Amino acid sequence: MASLKQQFEIPGNLKTWAYALIAVGLVAFLAGFFKSGLSKDEHEQAIFLGTIMYNTIFWTLVCNAAMFFICFTTLAMGGWQQSFRRIPEAISTMVPIFGSITFVVLLYVVFSGKHDIYHWLDTAAVDKDPILKGKSGFLNLKFFVFWTTLAIALWSILGYRMRQLSSEADIQAFDNVSGAKFIFQNTVRASMFIAWFGLTVGSTIPWLWMMSITPHWYSTMYSWYTFMSSLVSGMSLIALWVIYMKNKGYLEYTNQEHLHDIGKFMFAFSIFWTYLWFSQYMLIWYANIPEETVYFKSRVQGAYKGIFFFNLIINFLCPLLILMKKDAKRNYTLVTFMAVLILFGHWIDFYQMVMGSISKDYVTLGWLDFGILSLFVGLMILFVAKALASKNLIPKYHPFLKESIIHHT
Amino acid sequence: MAKKKFVVGCFDDEAVLFPAVKKVRTAGYKLHDIYTPFAVHGLDHAMGLRETSLHTAGFFYGITGTTTALSCITWIFTKDWPLNIGGKPHFALPAWIPICFELTVLFAAVGMVLTFCYLCQLAPFVKKHHFHARATDDLFVMVIECTDKTNTDDLRAFLSNSGALETDLQIAEADWWVGSYDKDEVPFENKKEIAA
């Protein structure tokens with residue numbers, strides 16, 4: 001135990017990269033702000049806000065998925081994730097940070113007095129529109145602000161309580177009684193997080209934040225679809241950090257067996273994402289009812305056609321064919337490649353989900369999107385590295401740690 | 001169909017079995033198989049078995065299923081009997097994907113089960129020699145194939161030294177054959193003694 005490298009020292013070049021990405025992102029943000037944000041054209045403004053919105057929502061949900069991973073493996077009495085559990089924990093420390101950015105952006109969008117993104121904010125139009133009137137119990141300003149605040153606050157608090165409990169495994173060894181109590185407390189806190197997660201990410205939050213951009217359209221599948229997008233990306237992000245830390249010589253107890261299981265999650269949930277993608281698409285295609293097909297009109301037949309199907313190729317065909325083999329899931333290079341590809345693919349997925357509704361006639365993907373993306377990637381690298389450095393890397397007194405050390409797939 | 005000579009060693013502990021397997025392999029004996037009452041994690045690696053290619057077979061069964069479904073429905077709905085269903089195009093790909101998926105799963109599942117049974121030499125109406133009845137109960141039964149030059153007494157002593165509770169020399173059929181347990185020779189010679 002004494003030889004374990006518990007203290008992560010952030011390498012200088014990682015910091016340099018993070019600051020460089022943040023700098024590029026800030027430049028892009030300012031350039032976008034002066035070019036589009038202050039533009040007289042309301043559509044340009046909406047594109048600028050929408051670009052920031054989908055990026056911040058994507059990264060908030062992805063980092064939140066890391067805490068979801070900790071919680072569901074805890075509830076399943078999983079032992080294998082203990083040797084690298086500090087990585088998803090560190091990623092989930094981003095939830096308050098990205099959550100605050102999301103909060104500010106969304107509040108700005110709803111209080112700016114414009115209705116280009118959220119049409120249902122226009123009370124005069126809603127009064128004349130029987131469909132929107134029927135939804136006004138859910139889609140109204142008060143509920144939006146209340147539920148957004150509550151969601152972000154509780155994700156942060158419940159996630160923090162989970163991480164706080166995890167720190168107890170660094171202090172001293174448990175005996176049978178205190179160990180059982182520790183595990184029980186873990187399951188209680190994990191269930192609290194998961195219950196709230198199901199109420200928000202699993203159902204209401206994607207409806208409220210993203211589906212309501214096309215307020216006349218609805219799909220009960222939409223939240224699960226968004227949730228799966230974020231979970232697959234979250235698993236990929238965990239894989240990337242695990243591989244990075246292994247490359248730097250940390251996480252001695254984590255090996256190919258653990259990578260294999262992370263790879264299985266990436267593979268399996270990519271398939272499940274496609275299942276939801278297809279279920280949503282096929283039912284609407286088959287019924288062919290105008291009020292339902294409105295969402296797919298701009299995506300399948302309009303300007304977003306290319307992105308929409310490209311998205312399916314990199315998020316379904318590539319994981320299916322490349323990650324199917326056992327050797328691929330145990331290969332560090334291939335998993336790194338696939339993790340980057342999947343993260344990019346689901347970022348593009350979020351892009352078309354949001355921007356496909358805001359800018360129906362033409363694709364806006366350009367320097368602003370990649371600039372804002374680099375801002376968020378930079379922030380993520382910087383703060384996750386800091387969170388990793390602030391704690392022991394292996395919870396060495398965790399009762400299940402041995403299960404993780406001898407893990408065999 | 002050839003009868004071969006086997007030396008059988010029975011172990012009652014995995015912790016003894018693993019070092020014994022290693023010793024037997026280093027000594028150069030040829031392991032025929034090890035029969036265990038339950039799946040023992042890591043025993044395949046210890047025995048030096050190659051990775052199974054069952055999943056590769058499964059992949060090919062799967063794409064056979066996809067191809068069958070897709071080509072069959074395409075032919076029926078576009079060439080043989082085109083129907084106007086709800087104004088959809090004759091080549092209505094999204095509607096067929098569930099069927100393609102089902103047939104993929106069906107072909108892959110059935111194909112893999114049959115392949116698995118073939119690889120394990122399991123089938124109705126065929127018979128395989130049992131080296132020790134307690135392999136299905138509580139003993140790990142290691143079977144070593146002998147050549148003409150094998151000194152069986154040495155080998156049995158070697159197994160006993162490695163921790164085998166009992167050893168045995170058997171001349172038995174190595175493969176499966178058509179037959180049934182109630183008609184062919186009684187597989188467990190001491191059956192009557194147990195009943196008595």
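**Entry 1: where the chains meet**

I looked first at the meeting of the two chains in this predicted model. I found six residues of chain A in contact with five residues of chain B. I then sorted the side of chain A that touches chain B by class: five of its residues are nonpolar, one is polar and none is charged.

**Entry 2: the sheet of chain B**

I turned to the strands of chain B and asked in what order they lie in the sheet. Four strands form an open sheet in the order 2-4-1-5, with antiparallel pairing. At the edges I noted strand 2 (30-35) and strand 5 (166-173) of chain B, each of which pairs on one side only. On average, neighbouring strands of this sheet are turned by 25 degrees against each other, direction ignored.

I next followed strand 1 of chain B, which covers residues 3-11. Strand 1 pairs with strand 4 (residues 140-145) of chain B in the antiparallel sense over six bridges. In this pairing I located B:Gly9 opposite B:Met142 of strand 4. Strand 1 of chain B also pairs with strand 5 of chain B, again in the antiparallel sense, over eight bridges. Here I located B:Val7 opposite B:Leu169 of strand 5.

**Entry 3: a helix on the sheet**

I asked which strands helix 1 (residues 14-27) of chain B touches. Helix 1 packs on the sheet and touches strand 1, strand 2 and strand 4 of chain B. I recorded an angle of about 10 degrees between the direction of helix 1 and that of strand 4 of chain B.

**Entry 4: two packed helices**

Two packed helices are described by the angle between their axes and the distance between the axes.

I then listed contributors to the contact. Helix 3 of chain B supplies, among them, B:Leu54, B:Tyr61 and B:Ile73. From helix 4 of chain B come residues including B:Trp96, B:Phe107 and B:Phe116.

Conventions
Residues numbered from 1 in each chain as written. Chains lettered and ligands numbered in written order. Predicted model: local features only at pLDDT ≥ 70, side-chain atom pairs only at ≥ 80, totals over all residues. Contact = placed C-beta atoms within 7 Å. Nonpolar A, V, L, I, M, F, W, Y, C, P; charged D, E, K, R; others polar. Pairing = 2+ DSSP bridges. Helix = DSSP H or I, 4+ residues; strand = E, 2+ residues; numbered from the N terminus. Axes fitted to C-alpha atoms, helices over the stretch in contact; angles between N-to-C directions.
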